[in-house]
Amino acid sequence: MIAAHLAVFGIWRINEPLATRHFSTSFASFFHQRLFHTAITSVFSHKDFLHLGFNTMALASISPNLIYVVGERSFATFYLAAGFISSV
């Protein structure tokens with residue numbers, strides 16, 4: 001997951017218009033433009049380095065224990081579901 005965060009951060013640096021369209025979500029993009037994938041892709045989106053740094057640090061410190069307790073698949077499902085719900 002951290003690799004996905006870093007890859008999307010790189011996309012923001014290389015092509016901001018593309019990143020804005022496909023890695024950020026809003027009411028208009030989701031409901032009017034029907035860019036439904038943004039509800040998931042925005043989970044991995046960090047436009048600035050500080051945002052990326054703090055979220056990566058939190059993910060790296062918390063996820064190993066959660067994965068140990070609930071397993072990789074359950075953790076990934078919860079992570080993506082929480083991101084989806086927070087996007088819509």
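Predicted model: local features only at pLDDT ≥ 70, side-chain atom pairs only at ≥ 80, totals over all residues.

Tutor: Arg-34 has a relative accessibility of 56%, over the 50% cut-off, so Arg-34 counts as exposed.

Student: Where is Arg-34 found?

Tutor: Arg-34 sits in the loop between helix 3 (27–32) and helix 4 (38–41).

Student: And what is phi of Arg-34 near?

Tutor: Phi is near 60° for Arg-34, a positive value in a residue other than glycine. Most residues other than glycine have a negative phi.

Student: New topic. At what angle do helix 5 and helix 6 pack?

Tutor: About 130°, with the axes of helix 5 (residues 49–70) and helix 6 (residues 72–87) 7 Å apart. That angle makes helix 5 oblique to helix 6.

Student: Which residues make the contact?

Tutor: From helix 5, Leu-59, Ser-63, Leu-66, Ile-67 and Val-70. From helix 6, Glu-72, Ser-74, Phe-75 and Tyr-79. By class, this contact of helix 5 with helix 6 has 6 nonpolar, 2 polar and 1 charged residues.

Student: Pockets next. How much space lies in the largest pocket?

Tutor: About 220 Å³. The lining has 15 residues, and His-5, Asn-55, Ala-58, Leu-59 and Tyr-79 lie nearest the centre of the pocket.

Student: Which elements give two or more residues to that lining?

Tutor: Helix 5 and helix 6. The largest share, 7 residues, comes from helix 5.

Student: What is the lining like by class?

Tutor: The lining of the largest pocket has 8 nonpolar and 7 polar residues, and no charged ones.

Note on methods:
Residues numbered from 1 in each chain as written. Heavy atoms only, no water. Axes fitted to C-alpha atoms, helices over the stretch in contact; angles between N-to-C directions. Helix = DSSP H or I, 4+ residues; strand = E, 2+ residues; numbered from the N terminus. Parallel < 35°, antiparallel > 145°, perpendicular 65-115°, else oblique. Contact = heavy atoms within 4.5 Å. Nonpolar A, V, L, I, M, F, W, Y, C, P; charged D, E, K, R; others polar. 1 Å grid on protein atoms, 1.4 Å probe; cavity = no way out; pocket = protein on both sides within 12 Å on 5 of 7 lines; lining within 4 Å. Points joined across faces, edges and corners; volume = space filled by probe spheres on them. Buried < 20%, exposed > 50% of the residue type's maximum accessible area, 1.4 Å probe, protein only.
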